[in-house]
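Welcome! Let's take a walk through this structure together, beginning on the inside and ending at a single helix.

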Amino acid sequence: MGRIVIKPSWEDFAPEPDDIIIDIDPGMAFGTGNHPTTKLCILALQDYISGGENVLDMGTGSGILAMAAAKLGAGSIVGLDIDTVAVEVARENVANAGLADKIEVGRAENPQVYEGQADIVVANIIANVIIAMACDLAAKVKPGGLLIASGIINDRAGEVRQSLEAAGLSLKEQREDAEWVALILTRE
């Protein structure tokens with residue numbers, strides 16, 4: 001499988017034959033693909049999506065991780081964000097990418113609005129919010145599924161991990177980029 005390449009919609013780019021391009025216009029929402037936490041999440045999605053998975057992207061921002069999941073072969077994706085501007089930007093990006101049939105974007109303060117459980121839950125937010133949502137995030141992970149949690153500065157990784165483990169998840173791996181951490185946890 002090719003590599004994910006994030007391309008601002010206003011820039012030209014000559015892709016390699018197997019590149020998977022995501023055109024993005026973040027507008028006023030977070031998510032250009034340049035932040036280390038976004039990269040950590042995209043690399044984890046590349047490693048763990050094999051095709052057909054249901055994905056919940058909590059804190060979708062510009063929709064970049066939801067679109068990456070769709071381009072990697074996930075079956076259905078729901079992107080949720082607390083910010084109404086982010087929801088509108090994500091909807092525009094999803095529509096412009098021709099992915100509206102695979103990705104639903106909505107406004108929510110909590111992952112509990114997502115019906116059922118997902119094969120992969122992504123939460124690229126910040127440590128405090130992940131800790132506050134730990135039980136709700138864990139509840140949305142199917143048995144055998146994954147939570148990819150990022151947006152975590154390295155000196156907060158331990159307490160985020162503890163809160164997610166206390167919510168019933170087990171650490172599978174920890175990835176780092178500069179001072180940022182992504183925790184990949186599983187539900188048994």
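This is a predicted model: local features need pLDDT of at least 70, side-chain atom pairs count only at pLDDT 80 or more; totals for chains, interfaces and linings use all residues.

Leaving aside residues up to four places away in sequence, Ile103 touches Ala66, Met67, Ala70, Ile77 and Val94. In soluble globular proteins, nonpolar side chains tend to be buried together. Here, the largest nonpolar core has 29 residues, and those touching the most other members are Leu45, Ile77, Ile103, Val122 and Ile148. Two or more residues come from each of α1 (36-48), α2 (64-71), α3 (84-96), β5 (103-107), β6 (118-124) and β7 (141-153). Helix α2 gives the largest share of this core, with 7 residues. There is also a second, separate core of 27 residues, and among its members are Ala118, Ala138, Leu164 and Ala167.

Now follow the chain to helix α6, which spans residues 157-166. Which of its residues are buried? They are Ala157, Val160, Ser163 and Leu164. Viewed down the axis of α6, these buried residues fall within an arc of 130 degrees, so they line one face of the helix. On the face turned away from that buried side, you will find the exposed residues Gln162 and Ala166.

What covers the buried residues of α6? The cover includes α4 (127-132) and α5 (134-139), along with the strands β7, β8 (170-177) and β9 (180-186). Finally, just after α6, Gly168 takes a positive phi of about 105 degrees.

Methods. Residues are numbered from 1 along each chain as its sequence is written. Side-chain values use heavy atoms; hydrogens and water are left out. A nonpolar core is a set of buried Ala, Val, Leu, Ile, Met, Phe, Trp, Tyr and Cys residues joined through side-chain atoms within 4.5 Å. Buried means under 20% relative accessible area, exposed over 50%, partly exposed in between (1.4 Å probe, protein chains only). Helices (H or I, at least four residues) and strands (E, at least two) are DSSP runs, numbered from the N terminus. Contact means heavy atoms within 4.5 Å. The arc is that of the directions from the helix axis to the C-beta atoms.
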